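Hello,

I am handing over the structure we talked about, and my notes follow below it.

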Amino acid sequence: MCLLLGATGVGKTLLLKRLQLCQRDGTDLGEPPVTLPTVGTNLTDLTLRKKRVTVRELGGCMGPIWPSYFVDCYSVIFMVDSANITQISSSCVQLLSVLAAEPLQTASVLVLFNKDLPCTMTLGEMKSLFRMDDIIASAPQSITTLELSARSGEGLQDVL
Ligand SMILES: Nc1nc2c(ncn2[C@@H]2O[C@H](COP(=O)(O)OP(=O)(O)OP(=O)(O)O)[C@@H](O)[C@H]2O)c(=O)[nH]1
Ligand SMILES: [Mg+2]
């Protein structure tokens, strides 16, 4: 089981819909489908890195009970909204608590910086505020970071 985590509105549901469509119909993406905030969890079967995996999105509003889903999880995708400066500190705390969770010590972790909206901060500034380098250096997990836009589909292929 792979968990897809991240604060509310970062684009997790849209990413899953995009990845699913991308695998079914090839590369033609078209208009982004409408999403609703996920209350609860959302299961999607995908082929990631040539392996069949079940991805479970946990809605951002479920943050307090995310840990109850950590057992039997071997990988984590943590999504950050790179256009939302006000969410940086809370996302950072969330990521640190995910990395510190006992059941996730051996999980592999992918951090996605999502969205294509204009922002007053560059991605580099965002990552340095996040202390991404320090987090990667000190976490026991192997962490990969990627940038993408679930809306335009840019960077989507790198996730697959
Ligand atoms: N411009 C832009 N908008 C995006 C992008 N990704 C997602 N969105 C929009 O952000 C809004 C929230 O997306 P969701 O996928 O529902 O967010 P979520 O992370 O699933 O949120 P919760 O389920 O509440 O945790 C939607 O209106 C999306 O269309 C992106 O890359 N660019
Ligand atoms: Mg959602």
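Let me start with the overall dimensions. For 160 residues, a compact globule would have a radius of gyration near 15 Å, and the protein chain agrees with that because its own value is 15 Å. Please keep in mind that this is a predicted model. Along the principal axes, the C-alpha atoms of the protein chain fill a box of roughly 40 × 40 × 30 Å. Of the 160 residues, 26% count as buried. Among contacts between residues at least 6 apart in sequence, 74% join residues at least 24 apart.

The protein chain has 5 helices and 6 strands. Read from the N terminus, their order is β-α-β-β-β-α-β-α-α-β-α.

Strand 4 pairs with strand 1 (residues 2–6) in the parallel sense, over 5 bridges; M79 in strand 4 is the bridge partner of G6. Strand 4 also runs parallel to strand 5 (residues 108–114), joined by 7 bridges, and here F78 has V111 as its bridge partner. Between strand 4 and strand 5 the chain passes through helix 2 (residues 88–100), making a right-handed β-α-β crossover.

Finally, the ligand. There are 22 residues around ligand 1, and G11, T35, T38, G60 and R151 come nearest. By class, this shell holds 7 nonpolar, 11 polar and 4 charged residues. Helix 1 (residues 12–25) gives the most to the shell, with 3 residues.

Conventions: Residues numbered from 1 in each chain as written. Chains lettered and ligands numbered in written order. Predicted model: local features only at pLDDT ≥ 70, side-chain atom pairs only at ≥ 80, totals over all residues. Near = placed C-beta within 6 Å. Helix = DSSP H or I, 4+ residues; strand = E, 2+ residues; numbered from the N terminus. Nonpolar A, V, L, I, M, F, W, Y, C, P; charged D, E, K, R; others polar. Pairing = 2+ DSSP bridges. Right-handed = clockwise from strand over helix to strand, strands pointing away. Rg over C-alpha atoms; globule rule 2.2 N^0.38 Å. Buried ≥ 20, exposed ≤ 12 C-beta atoms within 10 Å, placed from the backbone. Contact = placed C-beta atoms within 7 Å.
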